[in-house]
Amino acid sequence: MQSNNYEAIKVSNDKSQKFVDEIVTEAPLQININNEPYTVVMRTPGDDEHLIRGLLFAEDIYKANKIPTFTVVNDTENHFTIINVQIAENLLGKGYMNKRSLLSVSSCGICGKQSIKDIKIDGNKLENRLMIDSSIIEKMFEKMKAKQTLFQNTGASHAASIFDDKYNLLTIKEDIGRHNAVDKSIGELLNTSNNKKSKYLLVSSRVSYEIVTKAFIAKIPTIIAVSGCSSLAIDFSKEFGIKLIGFTRDNKMTVYTH
């Protein structure tokens, strides 16, 4: 369940009225790897397997093409969920050794990193020859917004969508956490073997360094955001070969890199 109804009182011009408001759901997901707890993610329930697949890919824990085995260990009525991912020992990446020691909350960029050195990401710079104009970007955002049903109902969720080089929408996912929405989008494309078609990542939020690193690991060369970008996001985009565009609204945009 992605949303719940809550009673509330709306106050306007000194007048009050009781009403029922639709609120986005936030609940913890515990991820186990080979029956051992790995991390807890605060997320909006739904697409949990895509979220896990995208997160494990971004954390360099599992990058094989085969979909791993997911088992729901526990799932309460209010969506406090435990899912175990079974992965052969020889397929566990380096990231598994750097187990998260902190709760990974929905809005946090570096929660769970154990030291500053864990922020460094290695890899070859992306080739980015794609050109795009503002009118096409506007149409891409229109496609995304049309499918943001959770946001339309609650006004309290983020979205991430991925497009191919012909500006076709490959996937869109919503979540209370912007990082979770990105993980869900990447995870679905990994599971459907469409990840190599990914060219544009659109997000309904600001861009931090972690969203840039997730795009880099997934080899997505362009990130387009509704809001601003952090200094580290810009620095990393320059280093990674990613075109980073922010403040994309009202027929305006700010291009920060490439």
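Which residue lies over the face of phenylalanine 57? Lysine 63 does, at 5.4 Å from the ring centre. The criterion for a charge over a ring is NZ of Lys or CZ of Arg within 6 Å of the ring centre and within 35 degrees of the ring normal.

Before I go on, the conventions. The model is predicted, so to speak of local features pLDDT must be at least 70, and side-chain atom pairs count only at pLDDT 80 or more, while totals for chains, interfaces and linings use all residues. Residues are numbered from 1 along each chain as its sequence is written, and side-chain values use heavy atoms, with hydrogens and water left out.

Helices here are DSSP runs of H or I with at least four residues, strands are runs of E with at least two, and both are numbered from the N terminus. Helix α1 covers residues 48-58, and ten of its eleven residues are buried. Buried means under 20% relative accessible area, exposed means over 50%, and partly exposed is in between, with a 1.4 Å probe and protein chains only. Phe57 is among the buried residues of α1, as are Leu51, Ile52, Leu55 and Leu56. After α1 comes aspartate 60, with a positive phi near 60 degrees.

Next, helix packing. Two packed helices are described by the angle between their axes and the distance between the axes. The axes are lines fitted to C-alpha atoms, for helices over the stretch in contact, and angles run from 0 to 180 degrees between N-to-C directions. α1 and α4 pack at about 95 degrees, with their axes 6 Å apart. That makes α1 roughly perpendicular to α4; the classes are roughly parallel under 35 degrees, roughly antiparallel over 145, roughly perpendicular from 65 to 115, and oblique for the rest. On the α1 side the contact includes His50, Leu51 and Phe57, and on the α4 side it includes Asn180, Ile186 and Leu190. Contact means heavy atoms within 4.5 Å.

Helix α4, residues 178-191, also meets α5: their axes come within 10 Å and cross at roughly 5 degrees. That makes α4 roughly parallel to α5. The α4 residues in this contact are Arg178, His179, Val182, Asp183 and Ile186, and those of α5 are Glu210, Ile211 and Lys214.

On to the sheets. An open sheet of six strands runs in the order β8-β7-β9-β10-β11-β12, with mixed pairing. Two strands pair if DSSP finds at least two bridges between them. β8 (169-175) and β12 (252-255) are the edge strands, each with a single partner, so one side of each has no neighbour in the sheet. Neighbouring strands of this sheet are turned by 20 degrees against each other on average, direction ignored. Strands β7 (residues 158-163) and β9 (residues 200-203) run antiparallel and are joined by four bridges. In that pair, alanine 160 stands opposite valine 203. α4 packs on this sheet, where it touches β7, β8 and β9, and its direction makes about 145 degrees with that of β8.

A second open sheet has four strands in the order β4-β3-β6-β5, again with mixed pairing. Its edges are β4 (36-43) and β5 (69-75), each with a single partner strand, so one side of each is left without a neighbour in the sheet. The twist averages 25 degrees from one strand to the next. β5 and β6 (residues 81-86) run antiparallel with six bridges, and valine 72 stands opposite isoleucine 83 in β6.

Last, the aromatics. Rings of Phe, Tyr and Trp (its six-membered ring) pair if their centres lie within 6.5 Å; planes under 30 degrees apart are stacked, over 60 edge-to-face, and the rest tilted. By this rule there are four aromatic pairs. Phenylalanine 216 and phenylalanine 240 have ring centres 4.0 Å apart and planes at 10 degrees, so the pair is stacked. Phenylalanine 216 is in helix α5 (residues 209-217) and phenylalanine 240 in helix α6 (residues 231-240), 24 residues apart. Phenylalanine 216 and phenylalanine 240 are both buried.

Phenylalanine 236 and phenylalanine 240 form an edge-to-face pair, at 5.3 Å centre to centre and 80 degrees between the planes. The two are four residues apart in α6, so about one helical turn separates them. Phenylalanine 236 is buried as well. Tyr209, Phe216, Phe236 and Phe240 form one aromatic cluster.
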